[in-house]
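Opened the notebook to go through this one piece by piece. I'll jot down what I looked up as I go.

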Amino acid sequence: MHAANLTGLRVSPSHLLGRMSRGDWLPHGVAAVVVALAASVGVMIFKWMYEGLGEAGSRWIEPLGRAAVVLLPAAGGLVVGLISRYLIGVERHHGVAGIMEAVALGGGRLRFWRIPQKTVAAAASIGCGASVGPEDPSVQIGANLGSMVGQVLRLPEERTRTLVAAGAAGGIAAAFNAPIAGVFFALEIIIGEIGGSHLGLIVLASVVSAAFTRSVVGLRPEFEVPAYALHSPWELPLYLLLGLAAGVVSVIYIRMLIRAGTLFRHLRIPRWTKPAIGGAVVGVVALALPEARGVGYDTVTLILRGSLAGAGILLALVAGKLLVTPTSIGSGFLGGVFAPALFLGAALGGAFGYAASSALPALGLEAPAFAMVGMAAVLAGAVRCPLTATLLLFEMTNDYRIILPVLLAVVVSQGVSRRLQHESVYTAQLAAKGIRLERGRDVDVLEGITVAEVMRTEFQLLRETDGLRTASETLRRIHRNGLPVVDAKGDLFGILTVGDIERARAAGAPDESPLSAHCTREVLVAHPEEPIGEALRRMAPGEVGRLPVVRSDEPRKVVGLLRRSDLIRAYDAALARRAATRQRAAQTRIGILGGIDIEEARLEAGAPAAGRLLRELEWPPQCVVATIRRHHRLVIPRGDTRLEAGDLLLLVGDPKAREAARRLCRAPSGPAGA
């Protein structure tokens with residue numbers, strides 16, 4: 001991120017609004033203000049809707065007893081499923097992930113005409129007790145309003161993207177009464193970098209939205225908590241440990257969201273019934289842990305005030321929330337992941353604080369302070385937005401006194417999360433479709449491929465005790481110019497090349513001379529998680545032909561071998577990935593501009609269409625195959641095109657016709673996509 005771009009910022013319209021001319025920034029500034037005001041009004045209406053539905057649901061539960069705890073979210077899920085099926089339709093990506101894709105690949109163009117239906121469905125989701133947050137719908141309200149203004153005024157794509165980000169910032173500012181966090185959310189998540197010509201309009205929109213919201217509903221923090229502070233530097237190691245735990249929990253959260261989505265996609269039942277099943281699961285869990293259902297802000301407030309105490313109950317809430325949130329979102333409820341992440345962080349931090357205070361009574365630890373820090377740490381690890389998480393916590397609590405523990409835990413949590421899970425909760429949805437965004441845009445062709453994707457995992461090793469003759473025969477047999485050398489424990493000792501053997505023999509070394517005396521000890525290495533571009537830059541200066549790949553946490557443990565031929569293969573894969581990304585960008589624009597639905601379907605082995613010509617199939621007339629992607633090649637379909645298993649078909653048409661086409665692409669035992 002380009003945080004240095006904020007250095008020396010002067011507060012003036014010409015500087016804040018970037019490279020716009022004087023005659024240009026005023027109309028765009030007015031557009032940003034309009035978007036901000038509309039976003040704040042929309043978010044307030046949305047909040048009124050879900051709070052009203054929640055109160056009505058609570059009144060319905062009381063006379064019906066425990067059965068209604070299960071029936072209410074199940075009935076709400078049925079309503080949400082019907083709205084999604086008949087009023088919203090199939091979407092490429094839900095929520096913030098869809099906004100990220102539109103900004104990066106679609107010129108900021110969103111299907112803004114669907115936002116009323118989505119808002120109603122999201123209000124019903126929260127109102128019936130599904131474990132989702134209000135921030136995602138709030139962001140969608142603002143972002144779609146920004147896209148609508150940009151499209152109606154026919155603004156350039158760059159300005160439309162900026163208005164989308166400004167609307168997202170306004171949505172966060174209105175939802176959480178947090179204008180600074182709104183700015184950084186738009187920059188970190190939507191735009192992908194801090195700074196640039198969009199900064200001024202985003203700041204303007206966030207401030208206007210927050211100011212208008214405060215003038216209507218008043219100025220008060222979301223969580224009113226007692227004053228906590230860092231009493232001793234000896235507490236910092238404990239906050240570091242909390243950051244480690246928060247990173248692990250955030251990874252579990254991400255992976256459970258991914259797996260729940262996959263599980264519900266593979267259920268062979270109509271799509272509109274899936275939220276009802278998810279709601280029933282939420283209700284069953286709520287019978288034992290009623291605090292796990294819903295947004296959970298009331299429970300978070302109790303934890304922060306110390307009214308809900310005890311490591312055991314709080315860990316149970318962590319487990320319950322990790323079950324009901326992925327179930328809610330994966331089954332089709334509409335809502336966000338922010339609020340559940342804050343809940344998880346508060347419960348985890350509180351449990352950690354109570355355990356630490358029991359173990360170390362002399363330090364006088366305050367468990368709720370750990371709950372506050374845990375909120376920011378889990379959010380940063382799950383969403384990968386450290387600045388947003390830190391600032392959001394402070395703005396929601398109006399407490400800036402424990403900034404050092406928060407920053408420490410946030411950095412550690414995000415580092416652990418990145419180490420264990422490459423994708424965030426948002427980018428995981430995009431990655432599942434083959435879309436990998438870096439800083440919100442296309443990047444160097446080799447930066448999107450990691451060493452782990454192309455390295456050799458089956459390779460020969462030499463031992464330091466082997467003789468020159470043994471090494472020479474091994475290299476000749478496998479046709480290699482060099483290999484890593486390991487010691488008796490299997491750890492990396494050095495690397496031996498044909499040149500090393502020739503120099504040793506020229507110096508008169510006997511054939512039995514051990515390799516430990518002749519191999520190169522200073523070895524350049526690569527790590528599995530780093531981009532191929534980094535490895536290439538390391539190999540180029542010394543014309544190195546191969547790099548042992550070692551684990552970052554065990555720098556002598558060889559897990560792979562990277563050769564120049566692998567780099568060529570990686571370059572081909574990177575070019576194919578970039579071509580696929582650009583094709584998806586074109587698909588996104590066509591779908592939005594034309595108001596038509598586009599989706600991809602993988603042709604499974606054994607499907608009715610596999611191995612047959614297109615003209616032989618009873619293909620639905622209201623659906624066409626626009627393109628076929630086959631082994632990194634793009635095929636333009638014709639009547640005599642024979643479909644092969646593994647083909648990725650781009651389907652264009654109305655929902656019923658596309659469903660009929662998907663049935664032709666599925667094997668008889670394959671998952672239903674209704």
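Below are my notes on helices, a surface patch and salt bridges.

**Before starting.** I'm working from a predicted model.

**Helix α4.** I looked up burial along α4, residues 96-105. I got 10 of the 10 residues buried, so this helix is largely enclosed by the rest of the structure. The buried set includes E101 along with V96, I99 and L105. After α4 comes G107, and I noted its positive phi, near 65°.

Next I checked for nonpolar surface. L78, L82, Y86 and L87 make up a nonpolar patch, together about 390 Å² of accessible area. L78 sits in α3, residues 67-88. With a relative accessible area of 34%, L78 is partly exposed; the cut-offs are under 20% for buried and over 50% for exposed.

**Helix pairs.** I stayed with α3 and looked at its packing on α11 (residues 274-288): the angle is about 160° and the axes are 7 Å apart. Angles over 145 degrees count as roughly antiparallel, so α3 and α11 go down as roughly antiparallel. Their crossing is right-handed.

**A glycine in α7.** I looked up G171, which lies in α7, residues 157-176. G171 is buried, at 0% relative accessibility.

**Salt bridges.** How many salt bridges does the structure hold? I have 13 in my notes.

- D511 pairs with R469, closest N and O atoms 3.0 Å apart. This one links distant parts of the chain, 42 residues apart: D511 is in the loop between α21 and α22, R469 in α20. Both ends are partly exposed, D511 at 27% and R469 at 42%.
- D500 and R503 meet at 2.6 Å, N to O. They are three residues apart in α21, so about one helical turn separates them. I found D500 buried at 7% relative accessibility, whereas R503 is exposed at 55%.
- E554 bridges to R551 at 3.1 Å between the closest N and O atoms. E554 is partly exposed at 33%, and R551 is partly exposed at 33%.
- I also logged a network of salt bridges that links E659, R662, R663 and R666.

Technical notes. Residues are numbered from 1 along each chain as its sequence is written. This is a predicted model: local features need pLDDT of at least 70, side-chain atom pairs count only at pLDDT 80 or more; totals for chains, interfaces and linings use all residues. Side-chain values use heavy atoms; hydrogens and water are left out. Buried means under 20% relative accessible area, exposed over 50%, partly exposed in between (1.4 Å probe, protein chains only). Helices (H or I, at least four residues) and strands (E, at least two) are DSSP runs, numbered from the N terminus. Patches are made of residues with over 30% relative accessible area and no salt bridge: like charges are joined within 9 Å, nonpolar side chains (Val, Leu, Ile, Met, Phe, Trp, Tyr) within 5 Å. Accessible areas come from the Shrake-Rupley method with a 1.4 Å probe; for residues, only the protein chains shown count as cover. A salt bridge is a side-chain nitrogen of Lys or Arg within 4 Å of a carboxyl oxygen of Asp or Glu. Axes are lines fitted to C-alpha atoms, for helices over the stretch in contact, and angles run from 0 to 180 degrees between N-to-C directions. Angles under 35 degrees count as roughly parallel, over 145 as roughly antiparallel, 65 to 115 as roughly perpendicular and the rest as oblique. A crossing is left-handed if the near helix is turned anticlockwise from the far one by less than a right angle, and right-handed if clockwise.
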